[in-house]
Amino acid sequence: MTVSAEMAVLLGGTPAGEEGPPDVNRAMCPSRGILEHVTSRWAVLVLAALLTRTYRFSELRRTVGGVSEKMLAQTLQTLERDGFVLRKAKAVVPPHVEYSLTGVGEEAARQVFDLARWSEKQVSSVEEARQAYDERRRGQ
């Protein structure tokens with residue numbers, strides 16, 4: 001094993017080119033795709049909304065302000081494919097489709113819900129940091 005391979009193992013990773021358990025720091029690890037899906041802007045908001053109750057598409061679109069119909073449909077389809085969202089179509093006229101969380105979806109939703117609420121609490125401090133940064137940059 002080379003020094004860099006040893007370092008990768010010491011840091012909890014897998015040496016480049018070697019398979020191993022999921023490791024989000026490994027370039028080709030499938031966990032990166034999952035992370036990307038659940039942390040996209042629309043997925044965070046959809047998961048957080050579905051944590052509270054089951055929604056129909058139009059209700060969910062109104063709840064998640066600013067999302068287009070196309071983006072909401074794509075986000076729901078991605079979350080459904082990954083096993084986070086359950087789509088239940090009822091055979092009525094007009095069609096009635098409801099979206100809810102699966103067990104793993106609820107677990108993911110709780111994680112991103114906490115992150116979303118944390119970001120709300122940080123607005124003032126982040127705005128202050130941005131202003132201070134911009135003032136420092138202007139002074140250079």
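Visitor: Which residues of α3 meet which residues of α5?
Guide: In this predicted model, W42, A43, V46 and L47 of α3 meet M71, L72, T75, L76 and L79 of α5.

Visitor: How does that contact divide by class?
Guide: The contact of α3 with α5 has eight nonpolar residues, one polar residue and no charged residues.

Visitor: And at what angle do the axes of α3 and α5 cross?
Guide: They cross at roughly 75°, and the axes come within 10 Å. Helix α5 covers residues 69-81. Angles of 65 to 115 degrees count as roughly perpendicular, and α3 and α5 are therefore roughly perpendicular to each other.

Visitor: What about α3 and α6, how close do their axes come?
Guide: The axes of α3, residues 41-52, and α6, residues 103-121, come within 8 Å. Their crossing angle is roughly 110°, which makes α3 roughly perpendicular to α6.

Visitor: Is that crossing left-handed or right-handed?
Guide: The crossing of α3 and α6 is left-handed.

Visitor: Which residues make the contact there?
Guide: On the α3 side they are V44, L47, A48 and L51. Helix α6 contributes G105, E106, A109, R110, V112, F113 and A116.

Visitor: How many of those are charged?
Guide: Two are charged, alongside eight nonpolar residues and one polar residue.

Visitor: Now α2. How far apart are the axes of α2 and α3?
Guide: The axes of α2, residues 31-39, and α3 are 5 Å apart, and the two helices pack at an angle of about 65°. Helices α2 and α3 are therefore roughly perpendicular to each other.

Visitor: Which residues meet in that pair?
Guide: From α2, H37, V38 and T39 meet R41, A43, V44 and L47 of α3. By class, this contact has four nonpolar, two polar and one charged residues.

Visitor: Let us turn to the whole chain. How many helices and strands are there?
Guide: The chain has seven helices and three strands. Starting at the N terminus, the order of elements is α-α-α-β-α-α-β-β-α-α.

Visitor: What share of the residues is buried?
Guide: Of the 140 residues in the chain, 26% are buried.

Visitor: One last point: what share of the contacts joins residues at least 24 apart?
Guide: That share is 38%, taken among contacts in the chain between residues at least 6 apart in sequence.

Methods: Residues are numbered from 1 along each chain as its sequence is written. This is a predicted model: local features need pLDDT of at least 70, side-chain atom pairs count only at pLDDT 80 or more; totals for chains, interfaces and linings use all residues. Side-chain values use heavy atoms; hydrogens and water are left out. Helices (H or I, at least four residues) and strands (E, at least two) are DSSP runs, numbered from the N terminus. Buried means under 20% relative accessible area, exposed over 50%, partly exposed in between (1.4 Å probe, protein chains only). Contact means heavy atoms within 4.5 Å. Axes are lines fitted to C-alpha atoms, for helices over the stretch in contact, and angles run from 0 to 180 degrees between N-to-C directions. Angles under 35 degrees count as roughly parallel, over 145 as roughly antiparallel, 65 to 115 as roughly perpendicular and the rest as oblique. A crossing is left-handed if the near helix is turned anticlockwise from the far one by less than a right angle, and right-handed if clockwise. Ala, Val, Leu, Ile, Met, Phe, Trp, Tyr, Cys and Pro count as nonpolar, Asp, Glu, Lys and Arg as charged, and the others, Gly among them, as polar.
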